[in-house]
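Subject: A structure for you to explore

Hi there,

Here is the structure I promised to pass on. Have a look around it first, and then read my notes below.

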Amino acid sequence: MAAQADTIEVPTDAELLQAQADLWRHSLYYLSSMGLRCAVQLGIPTTIHRLGGVASLPDLMAELSLPSVKMPFLGRLMRVLVTSGLFAADKDTESGGELYRLTPLSRILVDGVDADEHHSQKYFVLGVTAPHCAEAALGLADWFKKDLEPPVPSPFEDMHGAPIFDERTPLMDEEFDAVANQGLAAHDNLGIATILRECGDIFKGLESLTDCCGGDGTTARALVKAYPHIKCTVLDLPKVIDKVPTDGVVNYVAGDLFHTVPSSQAVMLKLVLHFWSDEDCVKILTQCKKAIPPRDEGGKVIIIDIVIGPSLGPIMFEAQLLMDMLMMVNTRGVQRSENDWRKLFVEAGFKDYKIVKKLGARCVIEVYP
């Protein structure tokens, strides 16, 4: 064992000052998350939208019915949120104050908008910043020290006694379970229109498709709207399917994708596999392979998920890595690199795959039997 060093290289003055600022940022990032949560809870993005897309600080105070004594504090919160890109701000030439506008980031937090491509991410924010998730993250060091038997439970499961999105979660906290599930649905459905526009060729020629863990069928209905000739089936757990009214557009099947997947020409796994361990993913992919015909008959599995890699630039790469941390803290899943994905496909018996396109932090992958 190497002797413990009792000296350390002294940084330069410039390095020391930069290190201090970096330490502040990294230690205090949680305040940015809590500021975002506060803005969503107050309904600031929706309020600015309803005010015509531009709002002054007094406008926000009045519309949100906040006590006048809180105006300076709201201004300080908005300053941080503008700096982080949640809102944009211009000077009001008449009053000298700030005029706040929505950005693409805050537009996807506007609630109650009737638009096919708009799936408000309000509940995603409220779910991932909820006390139950924050507490699990705070317990990360204690979790690392525990010698746990495999399959290793997540810090969330270890702390709260139940996995997230489990049938036991409502018994722990019914309100949190509802918020988490709404957040999951919003997260999964965002971007389907972009996928259909950018990668529509992957659906051309298909006669049938099964959307595994397709929830209430939002994605499947968008697919049928774009390609009416495709017969779409949504597979999900009975507790999900039982709540979905029959619409005549999509066929709903209650079941467990670990045991059976309805036969179809293609199977789609949209933001599903990152919730599961490698062993479980191989089981799921094996069932998907059984459900589809050979490649020369159009058989394939369509996977829409994160493929970790730095090629998209530091911001996207950081987002991917933070999503991996989210999976580690709250689930038994993991975000994967292309090499990780390749190993899963081979182990499940698939012969080939192709990354069709990179869409933001996600990729569209075709896997062939």
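A search of the whole structure turns up 14 salt bridges. Please keep in mind that this is a predicted model, so every value here is computed from it.

Let me start with one of those pairs. Asp 158 and Lys 146 join their side chains in a salt bridge, with 2.8 Å from N to O. This pair links distant parts of the chain, 12 residues apart: Asp 158 sits in helix 9 (residues 155–160), while Lys 146 is in the loop between helix 8 (140–145) and helix 9. Asp 158 is partly exposed, at 27% relative accessible area, and Lys 146 is partly exposed too, at 45%.

Another salt bridge brings together the side chains of Arg 168 and Asp 166, again with an N to O distance of 2.8 Å. Are these two partners buried or exposed, or something in between? Arg 168 is partly exposed, with a relative accessible area of 40%. Asp 166, at 18%, counts as buried, because the cut-off for buried is under 20%.

Lys 270, found in strand 7 (residues 266–270), is buried yet has no salt bridge. Which side chain of opposite charge is nearest to Lys 270? That is Asp 188, 5.9 Å away. Leaving aside neighbours within four places in sequence, the contacts of Lys 270 include Asp 188, Asn 189, Leu 190 and Thr 219.

Finally, some notes on the whole chain. Its secondary structure comes to 17 helices and 11 strands, and the C-alpha trace spans about 65 × 65 × 40 Å along its principal axes. Of the 369 residues, 44% are buried. Among contacts with a separation of 6 or more, 60% are between residues 24 or more positions apart. The chain exposes about 20,300 Å², and carbon and sulfur atoms supply 57% of that area. There are 35 positive and 50 negative charges, and their mean positions lie 4 Å apart.

Enjoy exploring!

Conventions. Residues numbered from 1 in each chain as written. Predicted model: local features only at pLDDT ≥ 70, side-chain atom pairs only at ≥ 80, totals over all residues. Heavy atoms only, no water. Helix = DSSP H or I, 4+ residues; strand = E, 2+ residues; numbered from the N terminus. Buried < 20%, exposed > 50% of the residue type's maximum accessible area, 1.4 Å probe, protein only. Lys, Arg positive; Asp, Glu negative; His and termini not counted. Salt bridge = Lys/Arg side-chain N within 4 Å of Asp/Glu carboxyl O. Contact = heavy atoms within 4.5 Å. Areas by Shrake-Rupley, 256 points an atom, 1.4 Å probe, with all protein chains shown as cover. Charge placed at Lys NZ, Arg CZ, Asp CG, Glu CD.
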